[in-house]
Amino acid sequence: MYEDCNKCLRQLENDMKKYYKSFFEYDYEKIIDVCINSYEKFIIDYKDDRQAKVFRDSICYWIKTLSFFLNKDDLKKYIKILKQREFYKLNKKRKVLIKHFLKPYIYIWIIKEGNFNFVKKKSTKKKLQYYLGSQDNLITILKKIFNNYLSLNYIELVITTKCTLRCKDCANLMPKYDKPYDVDLNVMKKSIQKLLNCCNEIKMFRILGGEPFCNPNLKFILKELNSEKIKQIVIVTNGTLIPKDKELIECLKDNKVVIEISDYGEYSKKLDELIKFCENNNINFYSGSFIRLWQDYGELKKYKNDISKQFFYCSINCKSILNGKLYYCPRLAHGIDLGLIKDNKSEYIDLINNDDKLNKKLLKKYIFRNSPISACSYCKYATKNSNIIPVAEQLNRGSK
């Protein structure tokens, strides 16, 4: 449906790469110019209003995210550039409002996105992110503050380390597994129930691997996640497999379930077929219409980073459940699972073996954690050494 839009977004990605030096070093003025010029060209070349809206929304989001890591002086210059380039024209609904209140509009957006990078302390930042969640209504905010209401924005469940691709820079380290495996079904069921016992709601529960459709037990996992506490279930797939199991297909039709299809170009060999499959079966899905610029996490080895600064700016909010344990991020989970990072019991929550009261106590501490984890020393993300890298570049079989 949005082939032209996705084609132009892929071209835009290539055009922007030259202006990114690293995670903190990028020419935001040139990137803004490239984005706005691309949009102006797009609406001339393509007349489809739906595609124009998707393209516009994608570049608007990207332009605004440029503000996250700017210091005070650069942020002022950034807002000045937005005024000069008439950025407000991209938002048809609020064009007049944004034109006159651009600065508060950007600040409000930053706060709603929950970055709070203008706050000096990580602990303060974490509390603001939790208690002023952009998805929460006033009642939920009050319940979190006064009623010990535990609301989780995002949880990942790793169901397999098997994958149909071998991405060289896989953030979850899948190519390093000599013997990929499906996580034990009973362990996953117990993990889900223990987590649900100690929290009040989970806004998004993501299922991933590896490639989730490699695990034949996916249908049973979806049934286990059938809880009012879980608001949305997202299955992340690379567009190489089509579900065949009739029982699984019925589970995928649930309105809470969304299939997120990664568009890796030639490597996502069944992308179009999977999209048609979803459309024909009335399955919610999302694919392709966003800007992809992969950051380099680096090899799994020790780096000499300022890990306090790195931990403060790290935007990876992927609390990952693997083999019954809840880890702060996927790199820690898979690093320990592979035996490449030392197993430190104080850095994860043993969901299955803890009682519910202890799990809830530890989970709240996890949300507000202020100190770096050991995996930070094995990662380049959120440092000046984190460069833009090719998306889904493939390794040869046998290499790591």
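Predicted model: local features only at pLDDT ≥ 70, side-chain atom pairs only at ≥ 80, totals over all residues.
Reader: What kind of aromatic pair do Phe42 and Tyr46 form?
Author: Their ring centres lie 4.9 Å apart, and the planes make an angle of 40°. Planes under 30 degrees apart would count as stacked and over 60 as edge-to-face.

Reader: Is Tyr46 buried, partly exposed or exposed?
Author: Buried means under 20% relative accessible area, and exposed means over 50%. Tyr46 has 22%, so the label for Tyr46 is partly exposed.

Reader: Phe311 and Tyr328 also form an aromatic pair; how many residues apart are they?
Author: This pair is tilted too, at 5.6 Å centre to centre and 40° between the planes. Phe311 belongs to helix H13 (residues 307-313), while Tyr328 is in the loop between strand E8 (325-327) and helix H14 (330-337). The pair links distant parts of the chain, and the separation is 17 residues.

Reader: Which ring has Lys309 over its face?
Author: One lysine to set beside it is Lys144, whose charged end sits over the ring of Tyr130, 4.3 Å from its centre. Lys309 lies at 4.9 Å from a ring centre. That ring is one member of an aromatic cluster that also includes Phe23, Trp109 and Tyr381. The ring under Lys309 is that of Phe24.

Note on methods: Residues numbered from 1 in each chain as written. Heavy atoms only, no water. Phe/Tyr/Trp six-rings, centres within 6.5 Å; stacked < 30°, edge-to-face > 60°. Buried < 20%, exposed > 50% of the residue type's maximum accessible area, 1.4 Å probe, protein only. Helix = DSSP H or I, 4+ residues; strand = E, 2+ residues; numbered from the N terminus. Lys NZ or Arg CZ within 6 Å of the ring centre and 35° of its normal.
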